[in-house]
Amino acid sequence: MAKKIRVLVVDDSAVVRQSLTSILESDPQIEVMGTAADPIIAVRKILKEVPDVITLDIEMPRMDGLTFLRKIMSQLPIPVVVISSLTTEGTEVAMKALEYGASEIIGKPAMNAAQFLNESKILICDAVKAASQVKLSRIKINKPARPVQVAPRLSADVILEKASPKTRIIDTDKIIVLGASTGGTEAIRQFLKNLPPRMPGIAIVQHMPEGFTKSFANSLNNICELEVKEAEDGDRLYQGRVLIAPGNYHMLLKRIGKEYVVEIKQAPLVNRHRPSVDVLFRSAARYAGKNATGVLLTGMGADGAKGLLELKEVGADTIAQNQETSVVFGMPKEAIKLDAAKHILGIEELAPFLMRKYL
């Protein structure tokens, strides 16, 4: 029997600590080894027993979460999942947490919303499992990856029918569609900041909760020559523009005449995610076909693997990130197993490859 993932829950709210403990322990692969009301208590517990993963609130008494995170990453790196309230200020701080080494950010579940809480169970448990497999550079001993049990999940069929091989694609502009999960925020940042504004339009799904994608898009817009924004329903995708799918909404590519637009919609979780990479990739296969390039980056699970194969089947170019540069070699690995990737590249090779292709 595989060893359980041991989690330390750090949050100043007793209600949240209790709720997160209940959510995490509902998964047979996870056990909560302890809870802490603030980082000072957390440090004492870590000195006695080192957890596999920490869930961390940002705003806490005695020591704020960011300070604690920086200390942990500089002294004893442990995978950290930041769980933060969805306020504007909170999202900005949470984005800073990613820069300091947090593996994932997710929103606190709405305790009074049964459906959202149920979906949050999946997201929280998956985030902890993904974090437990993150490669932290300061850790010398690589822990063996734990087998992850995958529950039944919906496919992109619930959103959009698969493109037929007979689908006629008119001559339109070229576009790039990209998907990522754990480790993706830094990979996307590294990729985009090296691109000139003459690049084709880029549509991105990064697994991230509602409220955080806007801050993520804004932070990218500040460092890139490209225009980067959180997508809104009906936004046009054109040369020099990058659209980031908003958290908690699927993003589909559509075509009106020779122009591309995006549709933002609420629909069931696909591959346990909303937004889902498979949904974006399938829509690109249907409406852009060989005019698209699909890129699948680091992340746990299989979201985007089948979609990348669908893109390849309609003549699109397809790329998967290699194992060496992936924080979690899950999604690209599944795509490679399906023979969906025409190219397997390191993250530092991606921008030069696409610039040679399109410029």
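The helices and strands named here are DSSP runs, numbered from the N terminus, with helices (H or I) having at least four residues and strands (E) at least two. Before going on, a word about the model: it is predicted, so local features need pLDDT of at least 70 and side-chain atom pairs count only at pLDDT 80 or more, while totals for chains, interfaces and linings use all residues. Residues are numbered from 1 along each chain as its sequence is written, and side-chain values use heavy atoms, with hydrogens and water left out.

Back to N271. Its phi is near 55°, a positive value in a residue other than glycine. Is N271 buried or exposed? At 8% relative accessibility, N271 counts as buried. Here buried means under 20% relative accessible area, exposed means over 50%, and partly exposed is in between (1.4 Å probe, protein chains only). The loop between β12 (259-265) and α8 also holds P275. A cis peptide bond joins R274 and P275, with omega at about 10°.

You can find N248 in the loop between β10 (241-244) and β11 (250-256). With a relative accessibility of 15%, N248 counts as buried.

Now step back to the whole chain. The protein chain has 11 helices and 15 strands, and 56% of its 359 residues count as buried. Its accessible surface comes to about 15,700 Å², and carbon and sulfur atoms account for 50% of that. Such areas come from the Shrake-Rupley method with a 1.4 Å probe; for residues, only the protein chains shown count as cover. How do residues from separate parts of the sequence meet? Among contacts between residues at least 6 apart in sequence, 73% join residues at least 24 apart. A contact means heavy atoms within 4.5 Å.

Helix α8 (residues 277-287) packs with helix α9 (residues 305-313) at an angle of about 10°, and their axes are 8 Å apart. Axes are lines fitted to C-alpha atoms, for helices over the stretch in contact, and angles run from 0 to 180 degrees between N-to-C directions. The angle makes α8 roughly parallel to α9; angles under 35 degrees count as roughly parallel, over 145 as roughly antiparallel, 65 to 115 as roughly perpendicular and the rest as oblique. On the α8 side, D278, F281, R282, A284 and A285 meet A305, K306, G307, L308, E310 and L311 of α9. These contact residues divide into 6 nonpolar, 1 polar and 4 charged. In this scheme Ala, Val, Leu, Ile, Met, Phe, Trp, Tyr, Cys and Pro count as nonpolar, Asp, Glu, Lys and Arg as charged, and the others, Gly among them, as polar.

Which residues of α9 are buried? They are A305, G307, L308, E310 and L311. Their cover includes β6 (175-180), α8, β13 (292-296), β14 (317-321) and α10 (331-337). After α9 comes G315, with a positive phi near 100°.

E161, placed between α5 (114-132) and β6, touches R282 and R286, not counting residues up to four places away in sequence. E161 and R286 are 125 residues apart in sequence, yet 8.6 Å apart in space, C-alpha to C-alpha. With a relative accessible area of 60%, E161 is exposed.

Helix α6 (residues 184-192) and helix α7 (residues 212-223) pack at an angle of about 25°, with axes 10 Å apart. That makes α6 roughly parallel to α7. T185, I188, R189 and L192 of α6 make the contact with F216, S219, L220 and I223 of α7. R189 is buried, with a relative accessible area of 13%. Leaving aside neighbours within four places in sequence, R189 is in contact with M95, F216, S219, L220 and I223.

Our last stop is D38, in the loop between β2 (30-36) and α2 (39-48). D38 counts as buried at 7% relative accessibility. Not counting residues up to four places away in sequence, D38 touches V10, M60, P61 and R62. The C-alpha atoms of D38 and R62 are separated by 7.0 Å, with the two residues 24 apart along the chain.
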